[in-house]
Amino acid sequence: MIVRPARQSEMDIVADVLTEAFHEDPVSVWVFPDEERRPAALTIFHRAMVRGTLAAGGHVDVTDDLSAAVLWTPGGEEEADDEDAFAGLAEEELGRLAAVFESMTEHAPGGEYHHAQFIGVRRSAQRQGIGARLMRHGLDRNGAVPAYLEASGRESAKLYRRLGFRDHGPAFAVEGGAPMLPMWREP
């Protein structure tokens with residue numbers, strides 16, 4: 001399996017991959033609690049995050065079969081590319097999303113690092129080592145720069161530990177929200 005940069009023409013597919021992968025993610029479920037609406041809301045959200053990643057000078061990597069994608073941004077540079085990036089999300093969703101972003105910013109490390117913001121594998125391709133291969137590609141490309149991420153589940157935290165990530169402080173959550181575990185990897 002080849003991992004490569006996503007083409008501009010594939011950005012909607014990247015958003016679809018992430019939407020499918022994060023449909024049952026605890027943080028996504030808290031931000032977008034209406035299960036019927038969640039796919040549409042996650043698509044709006046992930047399209048904005050893809051645009052923001054590219055605007056910040058980050059990388060969007062995919063597998064050659066487009067079954068998995070990851071967004072890498074320079075530390076502290078995550079942002080939506082314009083004020084209308086999340087147009088179509090409900091006020092309540094925007095409020096919960098803002099709370100999550102604020103909490104993530106408060107817990108983010110300082111200094112230089114690459115942030116693996118979203119790592120997603122289509123459900124039909126999960127548990128086949130694809131996520132690990134995708135992550136290794138980015139870690140190799142980023143070379144001597146540390147990597148950071150927030151794990152939102154036990155299984156993902158296990159994968160990241162196998163890739164050399166270590167806990168970077170205690171898990172954190174917004175009030176009533178799902179916990180995220182900050183993780184750090186030295187090169």
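This is a short chat about the fold and packing of a predicted model.

Colleague: What are we looking at, and how many helices and strands are in the chain?
Modeller: A predicted model. The chain has six helices and seven strands.

Colleague: In what order do the elements run from the N terminus?
Modeller: They go β-α-α-α-β-β-α-β-α-β-α-β-β. The radius of gyration is 15 Å, close to the 16 Å that the globule rule gives for 187 residues, so the chain is as compact as a globular protein of that length.

Colleague: What box do the C-alpha atoms fill?
Modeller: Roughly 40 × 35 × 30 Å along the principal axes.

Colleague: And what share of the residues is buried?
Modeller: Buried residues are 49% of the 187. The chain exposes about 9,200 Å², and carbon and sulfur atoms supply 49% of that area.

Colleague: What share of the contacts comes from residues 24 or more positions apart?
Modeller: 71%, counting contacts in the chain with a separation of 6 or more.

Colleague: Now the sheet. What is the strand order?
Modeller: β1-β2-β3-β4-β5-β7-β6. The sheet is open, has seven strands and shows mixed pairing.

Colleague: Which strands stand at the edges?
Modeller: β1 (3-5) and β6 (166-167). Each has a single partner strand, so one side of each is left without a neighbour in the sheet.

Colleague: Walk me in from β1. How does β1 pair with β2?
Modeller: In the antiparallel sense, over three bridges. Arg4 stands opposite Val62 in β2. Then β2 and β3 pair, also antiparallel, over four bridges. There, the bridge partner of Val60 is Leu71 in β3.

Colleague: What does the hairpin of β2 and β3 look like?
Modeller: Four residues lie between the strands. Leu66 takes a positive phi near 60° in that hairpin.

Colleague: Is β2 mostly covered or mostly open?
Modeller: Mostly covered. Four of its five residues are buried.

Colleague: Next pair. How many bridges join β3 and β4?
Modeller: Seven, antiparallel, between β3 (residues 68-74) and β4 (residues 114-121). One of the pairs is Thr73 with His115 in β4.

Colleague: Which helix packs there, touching β2, β3 and β4?
Modeller: Helix α3 (residues 38-55) packs on the sheet and touches those strands. Its direction makes about 45° with that of β3.

Colleague: And what do the buried residues of α1 pack against?
Modeller: α3, β2, β3 and β4. The buried residues in α1 (residues 11-21) are Met11, Val14, Ala15, Val17, Leu18 and Thr19.

Colleague: Let me zoom in on Leu71. Buried or exposed?
Modeller: Leu71 lies in β3. Its relative accessibility is 0%, so it counts as buried.

Colleague: What is Leu71 in contact with?
Modeller: Leaving aside neighbours within four places in sequence, its contacts include Val14, Leu18, Met49, Val50 and Thr53. His59, Val60, His115, Ala116, Gln117 and Phe118 are also among them.

Colleague: Which residues does Ile44 touch?
Modeller: Ala85, Phe86, Ala87, Gly88 and Leu89, not counting residues up to four places away in sequence.

Colleague: What separates the C-alpha atoms of Ile44 and Trp184?
Modeller: 28 Å, and the two are 140 residues apart along the chain.

Colleague: Over to β5. Why is β5 largely enclosed?
Modeller: Five of the five residues of β5 (residues 147-151) are buried, so the rest of the structure largely encloses the strand. Both faces are covered. Ala147, Leu149 and Ala151 are buried on one side, Tyr148 and Glu150 on the other.

Colleague: How does β5 pair with β4?
Modeller: Parallel, over two bridges. His114 stands opposite Ala147 in β5. β4, helix α5 (residues 130-142) and β5 make a right-handed β-α-β unit.

Colleague: Last one. In what sense do β5 and β7 pair?
Modeller: In the antiparallel sense, over five bridges, with β7 covering residues 181-185. The bridge partner of Tyr148 is Trp184 in β7.

Terms used
Residues numbered from 1 in each chain as written. Predicted model: local features only at pLDDT ≥ 70, side-chain atom pairs only at ≥ 80, totals over all residues. Heavy atoms only, no water. Pairing = 2+ DSSP bridges. Contact = heavy atoms within 4.5 Å. Axes fitted to C-alpha atoms, helices over the stretch in contact; angles between N-to-C directions. Rg over C-alpha atoms; globule rule 2.2 N^0.38 Å. Buried < 20%, exposed > 50% of the residue type's maximum accessible area, 1.4 Å probe, protein only. Areas by Shrake-Rupley, 256 points an atom, 1.4 Å probe, with all protein chains shown as cover. Right-handed = clockwise from strand over helix to strand, strands pointing away.
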